[in-house]
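This report describes a metal site and the helix packing around it. The sequence and structure come before the text.

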Amino acid sequence: MEYSREELIEAVSSQMPAKRWEHTKGVMETAVILAKRFGADPVKAELAAILHDVAKYWPVQKLHQMMVEHALSEELLHYDKQLWHAEVGAFVAEHEYGVTDAEVLDAIRYHTSGRIGMKLLDKVVCLADYMEPGRDFPGVNNIRELANHSLEEALAAGFDSTIGHLLSRRQIIFPLTVQARNDLIKQLEANS
Ligand SMILES: [Fe+2]
Ligand SMILES: [Fe+2]
């Protein structure tokens, strides 16, 4: 990779407000802890965490333009703008920062939506994003508790909280998130 860890941190942190960078640092820290706890690669987990929100504060117009220009997920354009930064983030990680590891790129790409058949690294980064120390929403402590013993239980609770929140506000739910949640429940039932 062309960028050292420090250079990457510098480049990414300069693209977001200080508060969001605090969040990213929390996700880095938590992703490493979860990776070690559940047997994922902590170096890959931290790299994905550093970059996961790289495009979060880009203007919506720029995100939209990148999605169209580079033929990124067409489907996503029909759903909440909040989801776009993940897809664009994976593209930027690869094409601007030279990340070539497909697992890392997928963990960035699916950190908000989840997906069917989430890989270990996807789960770690997605869960770290839910439960980093700066997060404060109803149910976050329950997610942290569950994460002490089960990655899938904790992540399923995270998706439930997102879906519940969207339902209560009569907002549109990205179908992949529902599928990701159902898939986790299936995995949990299969293992119980
Ligand atoms: Fe994000
Ligand atoms: Fe995030």
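## The iron pair

Asp53 bridges two iron ions, ligand 2 and ligand 1, which lie 3.5 Å apart. His23 belongs to helix α2 (residues 18-38) and Asp129 to helix α7 (residues 120-131), so this pair ties together parts that are 106 residues apart in sequence. Helices here are DSSP runs (H or I, at least four residues), numbered from the N terminus.

The model is predicted: local features need pLDDT of at least 70, side-chain atom pairs count only at pLDDT 80 or more, and totals for chains, interfaces and linings use all residues. Residues are numbered from 1 along each chain as its sequence is written, chains are lettered from A and ligands numbered from 1 in the order in which they are written, and side-chain values use heavy atoms, with hydrogens and water left out.

## Site of ligand 2

Donors are N, O and S atoms within 2.8 Å of the metal (3.2 Å for Na, K and Ca); water is not among the atoms, so sites may look incomplete.

Buried means under 20% relative accessible area, exposed over 50%, and partly exposed in between (1.4 Å probe, protein chains only).

## Site of ligand 1

Asp53 (OD), His85 (NE2) and His111 (NE2) coordinate the iron ion (ligand 1) at 2.0 to 2.1 Å. Their sequence spacing is D-x31-H-x25-H. Distant parts of the chain are linked by the pair Asp53, in the loop between α3 (42-51) and α4 (60-69), and His85, in helix α5 (residues 84-95), which are 32 residues apart.

Asp53 counts as buried at 1% relative accessibility, and His85 counts as buried at 4%.

Leu63 is a residue of helix α4 and counts as buried at 4% relative accessibility. With neighbours within four places in sequence left aside, Leu63 is in contact (heavy atoms within 4.5 Å) with Ala55, Trp58, Trp84, His85 and Val88. Among these contacts is His85, a donor to the iron ion (ligand 1). Leu63 and Glu87 are 24 residues apart in sequence, and their C-alpha atoms are 9.3 Å apart in space.

## Packing of α3

α2 and α3 pack with their axes 8 Å apart, at an angle of about 160 degrees. Axes are lines fitted to C-alpha atoms, for helices over the stretch in contact, and angles run from 0 to 180 degrees between N-to-C directions. The two helices are therefore roughly antiparallel to each other; angles under 35 degrees count as roughly parallel, over 145 as roughly antiparallel, 65 to 115 as roughly perpendicular and the rest as oblique. From α2 the contact includes Trp21, Thr24 and Val27, and from α3 Pro42, Ala45 and Glu46.

The axes of helix α1 (residues 5-13) and α3 come within 9 Å and cross at roughly 25 degrees, and α1 and α3 are therefore roughly parallel. Here Arg5, Leu8, Ile9 and Val12 of α1 meet Glu46, Leu47, Ile50 and Leu51 of α3. For α3 and α7, the axes come within 10 Å and cross at roughly 50 degrees, which makes α3 oblique to α7. Lys44, Ala45 and Ala48 of α3 and Leu121, Val124 and Val125 of α7 make that contact.

## Positive phi in two loops

Ala71 is not a glycine, yet has a positive phi of about 50 degrees. Ala71 sits in the loop between α4 and α5 and is exposed, with a relative accessible area of 65%.

Arg170, also a residue other than glycine, has a positive phi near 55 degrees. Its place is the loop between α9 (151-168) and α10 (175-191), and Arg170 is exposed at a relative accessible area of 79%.
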